[in-house]
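Dear colleague,

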Amino acid sequence: MNLDQPLGSVIQGSLSCGLEVRLHPDVSVEDMRVGKFLVVQGMRSRFFCMLTDVTLGTSSQRILANPPSPDDDFLREVLAGSGTFGTVNLTPMLMFTPQELSHQSRGVALNGDSSLGSFQANSSEGMELLPVKTIPSHFSQVYDASDRDFRAVFGWEDDPTRRNFAIGNPLDMEVPICIDLDRFVERSNGVFGKSGTGKSFLTRLLLSGIIRKQAAVNLIFDMHSEYGWEAVSEGKQFSTVKGLRQLFPGQVEIYTLDPESTKRRGVGGTQELYLSYDQIEVEDIMLVRGELNLSEASLENAIILRNEFGKSWITQLLNMTNEDIQMFCDEKRGNKSSIMALQRKLLRLDELKYMRSACPHNYVGQILQSLEAGKHVVIEFGSQSNMLSYMLATNVISRRIHASYVKKAETFLQTKNPSDRPRPLVITIEEAHRFLDPATVRQTIFGIIAREMRKYFVTLLVVDQRPSGIDNEVMSQIGTRITALLNDDKDIEAIFTGVSGGQSLRSVLAKLDSKQQALILGHAVPMPVVVRTRPYDQTFYAEVGDTSWDEMPDEELFAAAEVAKADLGF
């Protein structure tokens, strides 16, 4: 903390509404930016605070009625600090307290609200970090937060006791802000922001951290082929950045639902993935009823068909003639027009390149084997990225994988054998509001996963530009929210669903830059924080990527490549 240059003094405030600070005359109000972090030195404690508003004040209305001329610099300097002054509003987030004053809290996890993440923070130099239960006294001095303060709150990336990952820096400093990946993968999480704010780059940062720190295994449904091999660089149309397979070649596998598209982009070493009609449940069809324009009557008749034909109900339906449908309706009391409409609309599934009447190979089982072996799986959609295709495949695959994890988790809970413990799995989905909106959340596996809170070692990483479209109950279960710029009031309100004290952060979120800035709050950080996100560039590749392949002698690298090709069936 910079004790040499105080910025201002606390003049009033409350625990619920925050602190009002009058800036000293030599401090420019233009240096005070929303989202900045300041420290208030109280009599017994230091308060770590976020700046949430900036205002201009005057000591007399006469000054406003007769302001100095723009050319009268002398009068303006005379009035500065006495007649005119700047004030800032601070929200205390955490407090540093000498350990002898907080012995009752020693060794006990913080019981703050969800906005503070219920976090057990580090102590520093005889000081313990606690949730804010009081406020500093009048005229307490305010200072810029120092590197030491940030490290005491957010830790450091090379901490051997935690899986910390640096996600970015404070807006006006170069000290890293870390998230605790062990806590991050404990619950479902979200990356939000309007289109063009860099959600995919934020998501790629997080996934790279999870892989690098081995916090979990990832299953990524890559709608626009941005995570696997490479992606278009932010703001540079003809430049690309490395995907996860290039950063971690020995740890990431790519499956493709459109092999032709993958080959055209020059991506090698991928594995094809196909699905069959007998893997599709009525619940999967309910999820895409809007894309197929299905009526409620058609869905009711789909249940009748499923009850009669079991898993082969779609194949049987598509092979039915009009006479077969009439006979079926006479026997089973179905509705002919509804079944014919269902048959006609399900014919659209034949247009999906990855759909087969039957699959001789268990591709989902192969993905499960990869995940169990600690491999991270990216599923590319290529040209099959329309919403019908994306929603159907994502739901079908995730439902089967979740069912397998449920069995493994139940086995582990019964045996208590560490070798039976499933690896934590993070499933990444884009356009999440399509799966988690109030009308369909009960028909998707993702609504179940979000509410389970890692009961079966499976969590979600949802990526979306419309958080207001996600069911409120699901949003309240999102553990950590990483949010880029949002303009819509409903979307901003949705971000703070289930977060107490979120009112003061709304203005912070609305004033973020459109690129490389994000508000992070929730379970994986001790307090809400605005960061300038870490650049995804050559420096990042060198710091995070798996360099073991680069260090291999040529003959070993060739041998490893031959083994990989054999594993992939080449």
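The notes below begin with the chain as a whole and then turn to two residues.

Please bear in mind that this is a predicted model. The protein chain holds 23 helices and 23 strands. Of its 570 residues, 53% are buried. The accessible surface amounts to about 25800 Å², and carbon and sulfur atoms account for 48% of that area. When contacts between residues at least 6 apart in sequence are considered, 72% of them join residues at least 24 apart.

Histidine 361 is classed as partly exposed because its relative accessibility is 37%, a value in the range between the 20% limit for buried and the 50% limit for exposed. Its side chain makes a polar contact of 2.6 Å with the side chain of glutamine 366. Leucine 275 lies 86 residues away from histidine 361 along the chain, yet their C-alpha atoms are 9.5 Å apart.

The second residue is glutamine 517, located in strand E22, which spans residues 517-522. Its relative accessibility is 14%, so glutamine 517 counts as buried, the cut-off being under 20%. The side chains of glutamine 517 and aspartate 513 are joined by a polar contact of 2.9 Å. Beyond its neighbours within four places in sequence, glutamine 517 is in contact with Leu171, Thr483, Ala484, Leu512, Val531 and Thr533.

With kind regards

Note on methods. Residues are numbered from 1 along each chain as its sequence is written. This is a predicted model: local features need pLDDT of at least 70, side-chain atom pairs count only at pLDDT 80 or more; totals for chains, interfaces and linings use all residues. Side-chain values use heavy atoms; hydrogens and water are left out. Helices (H or I, at least four residues) and strands (E, at least two) are DSSP runs, numbered from the N terminus. Buried means under 20% relative accessible area, exposed over 50%, partly exposed in between (1.4 Å probe, protein chains only). Contact means heavy atoms within 4.5 Å. Accessible areas come from the Shrake-Rupley method with a 1.4 Å probe; for residues, only the protein chains shown count as cover. A polar contact is a pair of N or O atoms within 3.5 Å; within protein, one must be able to donate a hydrogen and the other to accept it, and residues adjacent in sequence count only if both atoms are side-chain atoms.
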